[in-house]
Amino acid sequence: MQVIFLDFDGVLNNRPWCAGERQRMPHWSTAESIRQAMDPANIACLNDLLKQRDAKIVVSSSWRTTLRDMRRYLQTWGVRPLNRLLSCTPRFTDLRPRGDEIHAWLTGRAQDSIESFVIIDDQDDIEPYMARLVQTDRQVGLTPDNVTQALMLLGARRVPARVARH
């Protein structure tokens, strides 16, 4: 099995997109409207990655709540196919780095024969897995170049010459 550890803010959205949404939606501070405000271009990049690899998504974002909520959010944002959502990383009560949460998830899934994994995040608090990080720019979010990087880390034998540009 291949796994994508997925953050949301700075990956599926970006600062300019969020600022523009606040201009268009003054009541944007409600939790539900925030959850629906992901950049379609960033979502399209994630969908390109999912189309090219049969990887499962493990949500590592601080937004993670229940798997049911995550499925609803991903569906609302247009992530396809939805059957790729596998689980969420554990949430610790102390302020540990995201790398500890990912490590705990991987340790608990040792029997699942994970072939490869990639971490897509705009932050770098993921030691000891820095070599598996595709770090996005929070000003831009997930890009075709990030998708190419993720494909390589997931072990794609041949990365398509051109990943769809959005």
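Helix α6 (residues 144–153) lies across β4 and β5, and its direction is at about 180 degrees to that of β5. Helices (H or I, at least four residues) and strands (E, at least two) are DSSP runs, numbered from the N terminus. Axes are lines fitted to C-alpha atoms, for helices over the stretch in contact, with angles from 0 to 180 degrees between N-to-C directions; contact means heavy atoms within 4.5 Å.

This is a predicted model, in which local features need pLDDT of at least 70 and side-chain atom pairs count only at pLDDT 80 or more, while totals for chains, interfaces and linings use all residues. Residues are numbered from 1 along each chain as its sequence is written, and side-chain values use heavy atoms, with hydrogens and water left out.

The sheet under α6 is open and has five strands in the order β3-β2-β1-β4-β5, paired in parallel. Two strands pair if DSSP finds at least two bridges between them. At the edges stand β3 (85–88) and β5, each with a single partner strand, so one side of each has no neighbour in the sheet. Neighbouring strands are turned by 25 degrees against each other on average, direction ignored. Strand β4 (residues 116–121) is joined to β5 by three bridges, and Ile119 stands opposite Leu133 in β5. Helix α3 (residues 40–52) also packs on the sheet, where it touches β1 (2–6), β2 (55–59) and β4; its direction makes about 170 degrees with that of β1.

Eight salt bridges are found in the whole structure, each a side-chain nitrogen of Lys or Arg within 4 Å of a carboxyl oxygen of Asp or Glu. One of them joins Asp121 to Arg98 (2.6 Å, N to O). Asp121 belongs to β4 and Arg98 to helix α5 (residues 98–108), so the pair ties together parts 23 residues apart in sequence. Asp121 is buried at 0% relative accessible area, and Arg98 is buried at 12%; buried means under 20%, exposed over 50%, partly exposed in between (1.4 Å probe, protein chains only). Asp7 is linked with Arg98 and Asp121 in a network of salt bridges.

Confidence, given as pLDDT from 0 to 100 for each residue, averages 85 over the chain, and 83% of the residues score at least 70. The highest mean is 98, in strand β5 (residues 133–135), and the lowest is 56, in helix α2 (residues 31–35). Over residues 159–166 pLDDT stays under 50. Where pLDDT is low, the predicted coordinates should not be read in detail.

Conventions. pLDDT is the predictor's confidence in each residue, from 0 to 100.
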